[in-house]
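I opened my notebook to look up the ligand site, one surface patch and a few loop residues. My notes follow the model below.

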Amino acid sequence: MSKVIVLTGAGGVLCSTLAKALAKEGHKIAVLDLRKEAADTIASEINANGGVAIGVEANVLEKASLIAAKQVVNDALGACDILINGAGGNHPLGTTSNPHLLEEDLENDTDGFKTFFDLDPNGIKFVFDLNFIGTLLPTQVFAKDMVGKKGCSILNISSMNAFTPLTKIPAYSGAKAAVSNFTQWLAVHFSKVGIRVNALAPGFFLTDQNRTLLTTETGELTPRGNTIIEQTPMGKFGEPEDLIGTTLWLCGEGSSFVTGVVIPIDGGFSAFSGV
Ligand code: NAD
């Protein structure tokens with residue numbers, strides 16, 4: 001059955017791929033993004049391929065913006081059945097320069113070099129807000145359409161670093177841990193009104209967000225990129241398309257008794273102890 005599916009951050013790499021895959025299944029798609037042009041581009045692509053989609057500008061950090069976006073979605077496509085909370089990401093201000101603190105780091109005055117002691121609370125706050133508040137607010141706005149209706153669900157996007165934090169990115173790891181925790185909390189909270197809540201925990205996908213961390217300008221792996229591949233039993237980065245199967249399952253009737261799960265899609269990264 002055709003559903004109205006709202007995806008935030010769907011002008012981006014991963015969720016635009018999910019938007020296109022869900023459109024191919026016959027669902028009506030609302031592509032929400034802070035970047036209206038990116039949202040419109042994805043919606044146009046879906047429509048040109050015979051699907052139904054609209055691009056909508058929305059800031060997941062501002063409730064008024066989300067309420068306005070919901071009105072646009074309701075008028076154009078109808079009530080929301082499924083919400084995918086895809087907007088998220090990291091920020092350099094919440095990231096240390098080195099994986100471990102060394103004594104000599106305290107003397108390092110290289111421009112831009114950051115130890116744990118230099119982390120900017122505003123950077124940390126930005127990352128927590130974008131990932132956690134940016135999941136909570138769209139849920140408050142769009143899940144109202146779902147209460148008491150059949151076949152509704154929410155899919156959050158957590159991350160591998162929610163299970164075990166990655167070095168250098170304490171804010172992003174903590175914020176995604178909050179998203180996983182919230183997924184379980186919300187699954188319980190919404191269990192009596194027919195809304196299932198689950199999450200994907202993608203491993204390492206080469207996207208604009210992390211390209212400069214993982215590869216050099218010439219496309220070689222950085223030391224960090226190399227470590228990731230060595231710690232990923234399947235020996236490669238994921239492709240955005242690797243998220244499609246689990247998304248279709250979690251948004252469909254085949255998972256009607258599944259709620260509160262966070263599914264790793266990581267080539268075995270989280271299963272591997274490193275030895
Ligand atoms: P991306 O940067 O390509 O897409 C994110 C999108 O969110 C962008 O289009 C951006 O414009 C939009 N956005 C940013 N701030 C926003 C705001 N305030 N309101 C609305 N939209 C906003 O990133 P991606 O790699 O496609 O990541 C999608 C999700 O997957 C994110 O939550 C990310 O944290 C998560 N994730 C990514 C990876 C990876 O390896 N790329 C791994 C694990 C989890």
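**Entry 1, ground rules.** I am working with a predicted model, where local features need pLDDT of at least 70, side-chain atom pairs count only at pLDDT 80 or more, and totals for chains, interfaces and linings use all residues. Residues are numbered from 1 along each chain as its sequence is written, and side-chain values use heavy atoms, with hydrogens and water left out.

Which residues come nearest to the ligand? I found L14, D33, R35, N59 and Y172, out of 28 residues around it. A residue counts as near if one of its heavy atoms lies within 4 Å.

I sorted the shell by type and got 11 nonpolar, 14 polar and 3 charged residues. Here Ala, Val, Leu, Ile, Met, Phe, Trp, Tyr, Cys and Pro are nonpolar, Asp, Glu, Lys and Arg are charged, and the others, Gly among them, are polar.

I then looked up the helices. α1 (13–24), α4 (121–142) and α5 (170–189) each give the shell at least two residues. Helices (H or I, at least four residues) and strands (E, at least two) are DSSP runs, numbered from the N terminus.

Next I checked backbone atoms against the ligand. A polar backbone atom of L34 is 3.2 Å from a ligand nitrogen. For V60, a polar backbone atom is 3.0 Å from a ligand nitrogen. In G86, a backbone N or O atom lies 3.0 Å from a ligand oxygen. The ligand alone exposes 820 Å², and the protein buries 90% of that. Such areas come from the Shrake-Rupley method with a 1.4 Å probe; for residues, only the protein chains shown count as cover.

I placed L106 in the loop between β4 (82–85) and α4. Is L106 buried or exposed? L106 is exposed, because its relative accessible area is 55%. The cut-offs are under 20% for buried, over 50% for exposed, and partly exposed in between (1.4 Å probe, protein chains only).

L106 also belongs to a nonpolar surface patch with L101, F116 and F117, with about 480 Å² of accessible area together.

T96 sits in the loop between β4 and α4. T96 counts as buried, because its relative accessibility is 12%. A polar atom of the T96 side chain lies 2.9 Å from the backbone oxygen of N98.

I found G194 in the loop between α5 and β6 (195–202). At 38% relative accessible area, G194 is partly exposed. G194 and V147 are 47 residues apart in sequence, yet 6.8 Å apart in space, C-alpha to C-alpha.

Note on methods: Polar contact = N/O pair within 3.5 Å; in protein donor to acceptor, adjacent residues only side chain to side chain. Patch = residues over 30% accessible without salt bridge, like charges linked within 9 Å, V, L, I, M, F, W, Y side chains within 5 Å. Salt bridge = Lys/Arg side-chain N within 4 Å of Asp/Glu carboxyl O.
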